[in-house]
Amino acid sequence: MKILGSFLRRPEAGAILSLLAVIAFYVFFGGVHLERLVKAASWVNFAANLGVVAIPVGLLMIGGEIDISIGAMIPAGSMTTAILSGYYGLPIEVGMLGALSIGVLVGLVNGLLAVRTAVPSLIITLGTLVGMQGVVLSGSVLLTGNTSVSLEAPYWAKFMFGQLMGGTHQVIILWWIAFALIFAFVLHKSRFGNWIYAMGGDKKSARNAGIPTERLTIILFILSATSASFVGMCQAILFNSAQVSGGMSYIFNTIVSVVVGGVLLTGGFGSVLGFFIGTLTFAIVSQGIYFTNIDRNWSNLIIGTMLLLAVAMNETFRILALGYPAVKKKEVRA
Amino acid sequence: MSDTIPVLELRKVDKSFGPIDVLHEISLKVNKGEVLCLLGDNGAGKSTLIMNLCGVQQPTRGDILMDGEKVSFQGPKDAADRGIATVHQFGGTFPLMSIGRSFFVGVEPTKGWGPFKIYDRKRANEIAVKAVQDFGITRIDDGDRLVGGLSGGERQSLAIARAVHFGARVLILDEPTAALGVKQAAHVLRIVNEAKRRGLAVIFITHQVMHAMAVGDHFAVLIRGAVAADFKRGDKTREEITDLMAGGETMADLEANIAGYMETHDGHPPTIVA
Ligand SMILES: Nc1ncnc2c1ncn2[C@@H]1O[C@H](COP(=O)(O)OP(=O)(O)OP(=O)(O)O)[C@@H](O)[C@H]1O
Ligand SMILES: [Mg+2]
């Protein structure tokens, strides 16, 4: 009972239950071929690409901000890599550095605007989202006369960023796991993590307590934009080409993943494990449906239902978390 | 004797926001082990005054002195480093954080070395729980409990215990009893007295005369941004203080006004405008 109680109080409880519910649904109503699902690469690859962006976006949301410009930063990352190292034939290091730099730059702009103006970050990053789409499209047409550019990456870059492990699983899966471990350490074990929670809980009090909230906000925006351009870079290296379009679905997908993962839209609550499992759940719903006999057109209905259920669960668990464990109260009274 | 030098002193402090003058020539002193009650109507400038004392804002003119020396606070951290701890009127705690984590916000204890320094949850919880229990709140015994699950009085007590723990010399409390019931308020007042006993200089803002009289050694009444009265405990009666807080108009006058109004309006009390 006590173990169950403390499990339900954790931010990732809703995500874990959602994951189990989705799997159960697929097993009982979808006649899912579990073995094929587990061995399949499609949903794992999908989850990894999404997850690398979802973690820093989730961190930002714990800190009380949001970043939707990532939708433009994925093609920005892949196009920068492909234009520099493919079209201009510069060493791949230059293309990669370019992709990451553009992430840092746009993240810096988002962060500075968020701390210097009173404009909500949803609007700021909507502005940079649309703006960067324009920059990527016109930049590509202006420089290359084309909207898609091919790229030939050397062996080591392919090995590190664009390998298909066992011929099916993208190497970004390992990056995702590494990022999850690093960010879990930062958020839950370091002082920096405590500052993010405090900032999302009450920005003014956090500043009064001496936390450098402005610097922290800027760093978090840089992390999210750069992680998106990193994903774009990996995709360009993997597919040997880049297009100006694509990436927009990531906005919606990251938000669903981290919300299912237990983040609170008002900030101050959430966990990296939650984001990880939320992303997995989302990937299984949207890609795993191909392994069931359910018509895949239904997958969005399932996602919508799952989102609402997960949020309702998270809300309930959070109220539970605020209360004191019932077991303890009895002990005190006795 | 160092006892005669006030821990914190304001000399002719003005604060304006552009053309709006909010504070006008405020001069005040607080000594060690003394509670200064800051009284005044809504909008009198009490919160603005403490914003200037805790470094969130800087005075437009005038001096702030600590131990007789001029100081200037560039930010809240500056003031905190000097030993000024503030529990603000709104917020100040993090409802979704654990007691241990919120107690140490910004000054988290760590263990380990280099990039692997980790937040020492066990030690943070132990110290935080001990600090609040030392103030008599024995109901708090689990540092992992979320702050949002505490009562308003417990939260205020936690904030005060935190300030005292981190070696504050001046404790500024902006309406800590405002939203509290009788029992909870009594609790907070006890903690204010305990802080005083430990030798802190306390600035206590309240609208409740009873609360002020329970802990105050010294009283200052602000009316429209200026110190309208400055007196010691026992110098004035409760009625006199209440009158001052109502902005100079006596309570008796107010009551007479209402009575007169009711007589001419078939016994209806006046409707309140603004
Ligand atoms: N940044 C600002 N710009 C302009 N005017 C301000 C600003 N801050 C405060 N004021 C004004 O200064 C006056 C004093 O406000 P303050 O918050 O200090 O009052 P208070 O005494 O704390 O009132 P209460 O008892 O309601 O908390 C108010 O009229 C307020 O509108
Ligand atoms: Mg006030």
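In this predicted model, a polar side-chain atom of B:Glu175 lies 3.3 Å from an oxygen atom of ligand 1. For B:Asn42, the distance from a polar side-chain atom to an oxygen atom of ligand 1 is 2.7 Å. For B:Ser47, the corresponding distance is 2.8 Å. On its own, ligand 1 has 640 Å² of accessible area, and the protein covers 62% of that area.

The surroundings of the ligand can be described residue by residue or element by element. Ligand 1 is surrounded by 14 residues, and the closest of these are B:Asn42, B:Lys46, B:Ser47, B:Thr48 and B:His207. By type, the shell consists of seven polar, four nonpolar and three charged residues. Which elements give two or more residues to this shell? They are β2, covering residues 20-30, and α1, covering residues 46-53, both in chain B. The most comes from α1(B), which contributes three residues.

Helix α1(B) deserves a look of its own. Is this helix mostly covered or mostly open? It is mostly covered, with seven of its eight residues buried. The buried residues are B:Lys46, B:Thr48, B:Leu49, B:Ile50, B:Met51, B:Asn52 and B:Leu53. Among them, B:Lys46 and B:Thr48 also belong to the residues closest to ligand 1. After the helix comes B:Gly55, which has a positive phi, near 85°.

The backbone of chain B has other positive phi values to examine. Most residues other than glycine have a negative phi. B:Glu25 is not a glycine, yet its phi is positive, at about 45°. B:Glu25 sits in strand β2 of chain B, and this strand is one of the elements that give two or more residues to the shell around ligand 1. With a relative accessible area of 42%, B:Glu25 is partly exposed. B:Asp67, also a residue other than glycine, has a positive phi near 50°. This residue is placed in a loop of chain B, between β4 (61-66) and β5 (69-71). B:Asp67 has a relative accessible area of 36%, so it counts as partly exposed.

Another loop of chain B, between α5 (152-165) and β9 (170-174), holds B:Phe166. Its relative accessible area is 37%, and B:Phe166 is therefore partly exposed. Along the chain, B:Phe166 and B:Val107 are 59 residues apart, while their C-alpha atoms are separated by 9.5 Å.

A:Gly210 lies in the loop between α11 (203-208) and α12 (213-239) of that chain. Its relative accessibility of 22% makes A:Gly210 partly exposed, because only values under 20% count as buried. A:Gly210 and A:Trp195 are 15 residues apart in sequence, and the distance between their C-alpha atoms is 9.8 Å.

A:Ser121 belongs to helix α7 of chain A, which spans residues 121-144. Is A:Ser121 buried or exposed? At 8% relative accessibility, A:Ser121 counts as buried. Its side chain has two polar partners to point out. One is the side chain of A:Glu65, with which the side chain of A:Ser121 makes a polar contact at 2.9 Å. The other is the backbone nitrogen of A:Ile66, which the side chain of A:Ser121 reaches at 3.1 Å.

The last topic is empty space inside the protein. Rolling a probe the size of a water molecule over the atoms shows where empty space is left. How many cavities of 30 Å³ or more does a search of the whole structure find? The search finds one. The volume of the largest cavity is about 50 Å³. Its lining is made of A:Leu8, A:Arg9, A:Arg10, A:Pro11, A:Ala13, A:Gly14, A:Gly262, A:Phe269, A:Asn314, A:Phe317 and A:Arg318. Sorted by type, the lining has five nonpolar, three polar and three charged residues. Two helices of chain A, α2 (13-30) and α15 (299-322), each supply at least two residues of this lining. The largest share, three residues, comes from α15(A).

Methods
Residues numbered from 1 in each chain as written. Chains lettered and ligands numbered in written order. Predicted model: local features only at pLDDT ≥ 70, side-chain atom pairs only at ≥ 80, totals over all residues. Heavy atoms only, no water. 1 Å grid on protein atoms, 1.4 Å probe; cavity = no way out; pocket = protein on both sides within 12 Å on 5 of 7 lines; lining within 4 Å. Points joined across faces, edges and corners; volume = space filled by probe spheres on them. Helix = DSSP H or I, 4+ residues; strand = E, 2+ residues; numbered from the N terminus. Nonpolar A, V, L, I, M, F, W, Y, C, P; charged D, E, K, R; others polar. Near = heavy atom within 4 Å. Polar contact = N/O pair within 3.5 Å; in protein donor to acceptor, adjacent residues only side chain to side chain. Areas by Shrake-Rupley, 256 points an atom, 1.4 Å probe, with all protein chains shown as cover. Buried < 20%, exposed > 50% of the residue type's maximum accessible area, 1.4 Å probe, protein only.
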